[in-house]
Amino acid sequence: MNMVLEALLVFIVLTNLLMLGSSRLGVYIRAGAMQGVGLSFLFFTGEAGWPHSHIVLLALVTMVVKGLVFPSLLFRTIRQAGVRREMEPYVGFTASLLAGVAAWGFALWVGGRLPLPGVIRSDLLVPTAMFTIFTGLFLIVARRNAITQVLGYLVIENGVFTFGVAVEAATPFLVEMGILLDIFVGVFVMVITLFQINREIEEIHMDTSKLAALKD
Amino acid sequence: MTAASLILATVALPLLGGILGRLLGFHSWLARWTAGLAGAAGGLAGLALAGELLWQGGRAAFEWPWFDTGYTLALAVDPLSAFFLLPISLLSAVTAVYGASYLGASHGGGHSPAAGSPHGADPVNPANVGLFAGFLQAGMALVLLAQDGLGFLVAWEVMSLAAFFIIALDDAQAENRAAAWIYLVASHIGAAFLLFFFLYLGMRAGDFSFEALAGLALSDRARRALTLAAVIGFGAKAGFVPLHVWLPDAHPAAPSHISALMSGAMTKTGIYGLLRALTLVGLPGRPAAAALIGLGLVSGILGIVMANAQRDLKRLLAYSTVENLGIVALGLGVGLWGAATGQTVVAVLGLAGALVHVLNHALAKGLLFLAAGVLVQATGTRQLDRLGGLLKRMPGVAGSALTGAVAIAGLPPLNGFLGEFLIFLAAFTGLVSRHGESTVPLTLAIMGLALIGGLAAACFARVFGIAFLGEPRTAEAAEAAPPEAPMALAMALLAVGCVVALLGVAWSLPVLGRVVTTVLRLNPLEIELELLKAGVLLRAVIAGGGLLVVLAGFLAVVRHQLLAGREVGETPTWDCGYAAPTPRMSYTGSSFAQPLNDLFGAVRGGGEERPRLAGLFPATARFASRPGDACVERFYEPVFRRVETFFQSWRWVQSGRVQAYVLYIALTLLFLLGWNLW
């Protein structure tokens, strides 16, 4: 069982690195979707066999929302905006990968020292969660495109989700559902806002640095 | 009625009246009078409470467990709070009635007197003023009644913020917004020191009740620091120089009856707080007492010098408040000096003088601000030089204003001189006792007080003379009509109050003994004896003043008799044999004040624009001068400009990029995470 868990975690780490090193928006969205689906499988790696029915429900909802709903929403948006690549990021793609490696090191250190309630099933679980959160933050800070910002937000949430799995016993079902609903509404609103902004102000082209013109 | 229900009425009535008045905001008359009458009723309840406590002695308390939070709201009246409750309740009641009528005119008239200014674009809703006036009144009462540090601080904030909202109500004008802002900053700088004061004491005692705080044994250093914090914190509210800067801006911005309340009552809570703080940390030593004398002298002299230079009537009155609070500080300083050097007479009389001056200033300044409100409403301007000749147009107002002016200038036979007389008495007694070290501070106090008195007389001779005597200088002043009955009644009440205070203080000075005892903790009998002796002296002075009044009346009668049956011609004032005199030829307020302004030019601030005249036939030239405030120009403006420059240099932090903001958050979180796990 632990083998499966760790394979999943490595998969999540790899999707993170993929996002850090890529310039194509399509790759971002697909990697985010795969990460979301991978996450939902984490629920089935518990030691006690088949999980409770409400956990199964949660996993299925996660899978559908993160694997199907978000990607289709985001793909629709980039199709309508006609933007396919991340242009002129603040931090280049090679440098981003190096930063990702450094973040992985920091995440390992944090994972080793962070005091947590209960038993953690794998030494990699907490570092992976941390690494995913850092990746999301990094994507928001280092990229210009608005779609990447939304993805960064999603990736952060994926990290929080992984963390939730790590301390499964301490997080009630209701909280997990609440977070999922939150993120769903968040992405929905963001996509709609992006679409509207792009339609009203043609020259922005999903480039958030242009929004600085709105400063006081 | 029991004392507890009186306490409840004092606090709750103005609050409920204000809220109810706001709910009735759709009907102006109903809203104004609901708030006004409730405020008046609350004020009367406070008066009854204060009177009972002062004359019967004892202590009334009211306790309310605060919604199961473990905190008990304890309100109580002891002689000290009862004494301050007296002027504050009286002024609250009178201004509430005045305000109900005053605010109504803002709908009928062309200009907006609610703002104290004729330029208001849209008039302030009277229901809003009533609401915050209710909060202000209740807040002031709570400040006096609170019996623990926590309750005191909350009440202090309620009072301060209510005043802020009233100042900010007429926010269409930039100067009112600036005034509200300055007031907010000043009062919160003060509040920060009070927070330190009470939190430090509360931390040491483990409890916030005044009883627990007073029982603490403090080191000398802690006591000095706490006394300093109290003087700064409460001094900001009382308007001691250099913390007075909010007063001259805030008073013109507020409606006149609120200016009266703020100037006459709210500043006094600063004095109350200072005295209360002294009961908690103990009386200070000689250096602190001498410093307080110095503070009082600086506030008094600078206050009246700058008042004399003002042309805006309400600004002038605000600076006069600074002066009078300076006199109060001076009295406190003399009293504390007496206590520190073991001279009971000096201690008792100095403190009593300060207290009496608190009462008298509340009455007289309240009256003058109400009169200023009438003038603003009738003529649409606060500029002294645009008034004139109002004595003939509104004799009732002129009579009240004259009473207030004489009282505030500290001239016998009205009440204003009583407090100053007691302070003089204290200082002279200390001087003749030949206590070596007392010579310098007490001599300075006497000289300063005399200077302040003379300047104040000159200042108010100018105010009354320019506003009421002579010929009207503008068409608006010529067409001024007397105010509505409630406003005239409110002013007459305060004028009568000045006379009643004169007699009341002189004949029942020993009542103050209970108040003085709470602060000084000396033998009550000894204190009462000193007050009895001083009372005899006061009555002698009053008798002398009364004799002068009788003499003046006698001369008037003689004049009337001599002129009877003869033809008495009347001619315009300032006629002086000119062919076609105009009011523009008469003395203006600025020209009247010029000699004194020149004399104190170095300390009063402001500036002049003097034309250079050259040649035999110089071209048309223009001279202009503006009053200023030396503290603002030489201290606050440079300091705040530097602060602004410093923060401007950090503007790049706000780049306008989402990425940068997220980066700040991320770095902060990562730093905290790393720091915690290290």
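This is a predicted model: local features need pLDDT of at least 70, side-chain atom pairs count only at pLDDT 80 or more; totals for chains, interfaces and linings use all residues.

User: OK. How many helices and strands does chain B have?

Analyst: Chain B has 26 helices and four strands.

User: And how compact is chain B for its length?

Analyst: Its radius of gyration is 26 Å, close to the 26 Å from the globule rule for 678 residues, so chain B is as compact as a globular protein of that length. The C-alpha trace of chain B spans about 95 × 70 × 55 Å along its principal axes.

User: What share of chain B is buried?

Analyst: Buried residues account for 53% of the 678 in chain B. On the contact side, take the pairs in chain B at least 6 apart in sequence: 79% of those contacts join residues at least 24 apart.

User: Let's pick a helix pair. At what angle do H14 and H17 of chain B cross?

Analyst: The axes of H14(B), residues 344-379, and H17(B), residues 416-432, cross at roughly 165 degrees and come within 7 Å of each other. An angle over 145 degrees counts as roughly antiparallel, and H14(B) and H17(B) are therefore roughly antiparallel to each other.

User: Left-handed or right-handed crossing?

Analyst: Left-handed, as H14(B) passes H17(B). On the H14(B) side the contact residues include Val345(B), Leu349(B), Gly353(B), His357(B) and Ala364(B). H17(B) brings, among others, Gly416(B), Glu420(B), Ile423(B), Ala426(B) and Gly430(B).

User: Switching topic: how many residues does each chain put into the contact between A and B?

Analyst: Chain A gives 13 residues and chain B gives 10. On the chain A side, helix H4 (93-113) and helix H5 (125-142) each supply at least two residues. H5(A) has the largest share of that side, with three residues.

User: And the classes on the side of chain A?

Analyst: Eight nonpolar, three polar and two charged residues make up the side of chain A that touches chain B.

User: Now Ala593(B). Is that one buried or exposed?

Analyst: Ala593(B) is buried: it has 23 other C-beta atoms within 10 Å, and the cut-off for buried is 20 or more. Ala593(B) sits in helix H23 of chain B, residues 589-599.

User: What is Ala593(B) in contact with, beyond its neighbours in sequence?

Analyst: Setting aside neighbours within four places in sequence, Ala593(B) is in contact with Asn308(B), Ala309(B) and Arg462(B). As for Gly294(B), 299 residues away along the chain, its C-alpha atom is 26 Å from that of Ala593(B).

User: What about phi at Arg521(B)?

Analyst: Phi is positive there, about 55 degrees, although Arg521(B) is not a glycine. Arg521(B) is in the loop between helix H21 (512-520) and helix H22 (524-563) of chain B. With 13 other C-beta atoms within 10 Å, Arg521(B) is partly exposed.

Terms used:
Residues are numbered from 1 along each chain as its sequence is written. Chains are lettered from A and ligands numbered from 1 in the order in which they are written. Axes are lines fitted to C-alpha atoms, for helices over the stretch in contact, and angles run from 0 to 180 degrees between N-to-C directions. Angles under 35 degrees count as roughly parallel, over 145 as roughly antiparallel, 65 to 115 as roughly perpendicular and the rest as oblique. A crossing is left-handed if the near helix is turned anticlockwise from the far one by less than a right angle, and right-handed if clockwise. Two residues are in contact if their C-beta atoms, placed from the backbone, lie within 7 Å. The radius of gyration is taken over C-alpha atoms; the globule rule is 2.2 Å times the number of residues to the power 0.38. A residue is buried if 20 or more other C-beta atoms lie within 10 Å of its own, exposed if 12 or fewer, and partly exposed in between; C-beta atoms are placed from the backbone. Ala, Val, Leu, Ile, Met, Phe, Trp, Tyr, Cys and Pro count as nonpolar, Asp, Glu, Lys and Arg as charged, and the others, Gly among them, as polar.
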